[in-house]
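Me: I have a structure here that I would like to walk through with you. Could you take my questions one at a time?

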Amino acid sequence: MSEPVVAGLVLAADGTGTVGRPTPLLPYAGATLLDHTLATARACEFDQLLVALDRPGKVRERCNLAGAQIVPTIPAGIDALDPATTVLVLLRADQPGVTPATVRLLLAARGDALAAACRYEDGRGFPYAFDSDLFDELHSGATPDDYDVAEVPVAGPAPLDVDTWADYEAVVAAAGQPLNTGVMVAPVPAGARRRGLRD
């Protein structure tokens, strides 16, 4: 059997939500959350690396995008895949606790499953892996929850992700970092204009 051709797609759309900032650009470990996730993805040695940014703007100025192909959406990412790709791994840009070892475990233990995800002690979560047989469906807007997903056991709780400012504080604290390093470390006051990735 030939070796799988694996692509990684980092989901980094402009999810300001209740954080009030472009989440991928929040400071983390001396850079940004997106920088950290891209470094993790590079360490996975994917055959192809893509990052989904719906409004890239100044991301190119603030993040190291070396080796990553920017696409606006998951369907555009599917279109951009090398035709030889057999597996696509989806990673969240706001989940720095995911490690290359987690991705390798997912890929090694997924077996013949068309869709697979990590099964942490507190539930199922990213990263996800999809066989090429599902690429057309993903292109049409299918989501991970639309499939019978095989679950690969991973020790420990699911890595924290950032949906709120409190989540961000928890992610930074879990990494043992002070919150006041870098830029953009205070929430936007109510009613203030929110800056997107384009600004």
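Me: Happy to start with a contact question. Which residues does Leu 107 touch, not counting residues up to four places away in sequence?
Reply: Keep in mind that this is a predicted model. Leu 107 sits in helix 4, which covers residues 100-109. Leaving out residues up to four places away in sequence, its contacts are Val 6, Val 87, Val 89 and Ala 129.

Me: Is Leu 107 buried or partly exposed?
Reply: Buried would need a relative accessible area under 20%, and exposed one over 50%. Leu 107 has 26% relative accessibility, so it counts as partly exposed.

Me: How far apart in space are Leu 107 and Pro 4, C-alpha to C-alpha?
Reply: Along the sequence, 103 residues separate Leu 107 and Pro 4. In space, their C-alpha to C-alpha distance is 9.6 Å.

Me: Thanks! Now for the cysteines: are Cys 44 and Cys 63 buried or exposed, and how many disulfides are there?
Reply: Cys 44 has a relative accessible area of 14%, so it is buried. Cys 63, at 8% relative accessibility, also counts as buried. As for disulfides, a search of the whole structure gives a count of 0.

Me: Which elements give two or more residues to the lining of the largest cavity?
Reply: The largest cavity has a volume of about 50 Å³. Its lining is made up of Thr 37, Thr 40, Leu 91, Arg 92, Gln 95, Val 98, Phe 126 and Pro 127. The elements that give two or more of the lining residues are helix 1 (33-43), strand 6 (87-92) and strand 8 (123-131).

Technical notes: Residues are numbered from 1 along each chain as its sequence is written. This is a predicted model: local features need pLDDT of at least 70, side-chain atom pairs count only at pLDDT 80 or more; totals for chains, interfaces and linings use all residues. Side-chain values use heavy atoms; hydrogens and water are left out. On a 1 Å grid over the protein atoms alone, a cavity is a set of points where a 1.4 Å probe fits but cannot get out, and a pocket is an open set with protein on both sides within 12 Å along at least five of seven lines; lining residues have an atom within 4 Å of a point. Grid points are joined across faces, edges and corners, and a volume is the space filled by probe spheres set on the points. Helices (H or I, at least four residues) and strands (E, at least two) are DSSP runs, numbered from the N terminus. A disulfide is a pair of cysteine sulfur atoms within 2.5 Å. Buried means under 20% relative accessible area, exposed over 50%, partly exposed in between (1.4 Å probe, protein chains only). Contact means heavy atoms within 4.5 Å.
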